[in-house]
Amino acid sequence: NNYDGNLIHNRFAYTFFKKRTLPIGNIVTFRSPMHVEADGMIDHEDVMQNDFIYSDDAINFCWEIPGLDSFGAVAWQRLFNTGIANVLQSFINAPIEVDGDDLIVHKEFTSGGIIQTKGKCSVSITYSTNNVAIGHTGINIVAGHKAPAHAFSTNLTDEQTIDFMKEVIDMFYALNDDMFIATTKVIV
C-alpha cells in the first residue's frame, strides 16, 4: 500500500486505538511508498505548483493531538520534526538542519548524475480542525526516481528503520506527556 495523504483528511486515532485513544494525542507509524497527488494533498501552495509527493520507500508518522488550533498545530509540528531530526542524526551520521518543517541533511549525494551537497529527507504537513491537530511527516528511506533531485535518501536498513520508528514513537509520547504535565503545575 502507498501513503496517499487521505489518512490525515479526518480524525483517525479512534479507528486505530479505540479505548486507548489518549487526551495527549496518538501517533501511527508505518513504512510504505508515498504517492500523494492532488486528491490527497492538503498544502494549497503545493497543489497550485503541482508539487506532488513521491518516495519509493518511506517511514510515515501520522499524528492526532486534541486541543491545538492552527498556530499550535504548526508550532507542535516544528518541535516534533526537530525531535525527529535529533533522533535521525545518530542513524545517518550527518548533521540535519530543520528549515521550517523540512529536514535538510548536510551530506553529499548524487541525484540524476548531479552531486548535491545537501538534500531534503522529509515531507510534512499539519492543520487543525475543530481544535484538533492532524499531521504527517514522511522520511525517505529511498526517494526514488520520481522524487525531486533535492530529495535525500536516508538508506536506513530494515533494522535501523524499526529502531528509528520506535525511538520517534517514544519521543512523541514522552514529549506530549511532558507538555501536558507542564500545563498542570502552574499555581497562579
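1. Start with a space: the second largest pocket holds about 240 Å³. Rolling a probe the size of a water molecule over the atoms shows where empty space is left. A pocket here is an open set of points on a 1 Å grid over the protein atoms alone, where a 1.4 Å probe fits, with protein on both sides within 12 Å along at least five of seven lines. The volume is the space filled by probe spheres set on the points, which are joined across faces, edges and corners.

2. A word on the model: it is predicted, so local features need pLDDT of at least 70, side-chain atom pairs count only at pLDDT 80 or more, and totals for chains, interfaces and linings use all residues. Residues are numbered from 1 along each chain as its sequence is written, and side-chain values use heavy atoms, with hydrogens and water left out.

3. What lines the second largest pocket? Among the lining residues are Pro-23, Ile-24, Trp-76, Met-179 and Phe-180; a lining residue has an atom within 4 Å of a point. Strand S2 (53–66) and helix H4 (158–184) each give two or more residues. H4 has the largest share, with four. Helices (H or I, at least four residues) and strands (E, at least two) are DSSP runs, numbered from the N terminus.

4. By type, the lining of this pocket has eight nonpolar residues, three polar and no charged. Nonpolar covers Ala, Val, Leu, Ile, Met, Phe, Trp, Tyr, Cys and Pro; charged covers Asp, Glu, Lys and Arg; the others, Gly among them, are polar.

5. S2 also belongs to an open sheet of four strands, in the order S1-S2-S9-S8, with antiparallel pairing. Strands pair if DSSP finds at least two bridges between them. S1 and S8 are the edge strands, each pairing on one side only. Neighbouring strands are turned by 20 degrees against each other on average, direction ignored.

6. Look inside that sheet. S2 and S9 pair over 10 bridges, in the antiparallel sense. Pro-66 has Val-132 in S9 as its bridge partner. Helix H3 packs on this sheet and touches S1, S2, S8 and S9; its direction makes about 150 degrees with that of S8. H4 packs on the sheet too, touching S1, S2 and S9, at about 135 degrees to the direction of S1. Contact means heavy atoms within 4.5 Å. Angles run from 0 to 180 degrees between N-to-C directions, with axes fitted to C-alpha atoms, for helices over the stretch in contact.

7. Now follow S8 (residues 122–129) into S9 (residues 132–142): the two pair over eight antiparallel bridges. Val-123 has Gly-138 in S9 as its bridge partner. Their hairpin has two residues between the strands, and Asn-130 takes a positive phi near 50 degrees.

8. How many salt bridges does the whole structure hold? The search finds four, each a side-chain nitrogen of Lys or Arg within 4 Å of a carboxyl oxygen of Asp or Glu. One joins Arg-31 and Asp-57 at 2.6 Å, N to O. Arg-31 lies in strand S1 (residues 26–36) and Asp-57 in S2, so the pair ties together parts that are 26 residues apart in sequence.

9. Another open sheet has three strands, in the order S3-S4-S7, paired antiparallel. S3 (96–99) and S7 (119–120) stand at the edges with a single partner strand each, so one side of each has no neighbour in the sheet.
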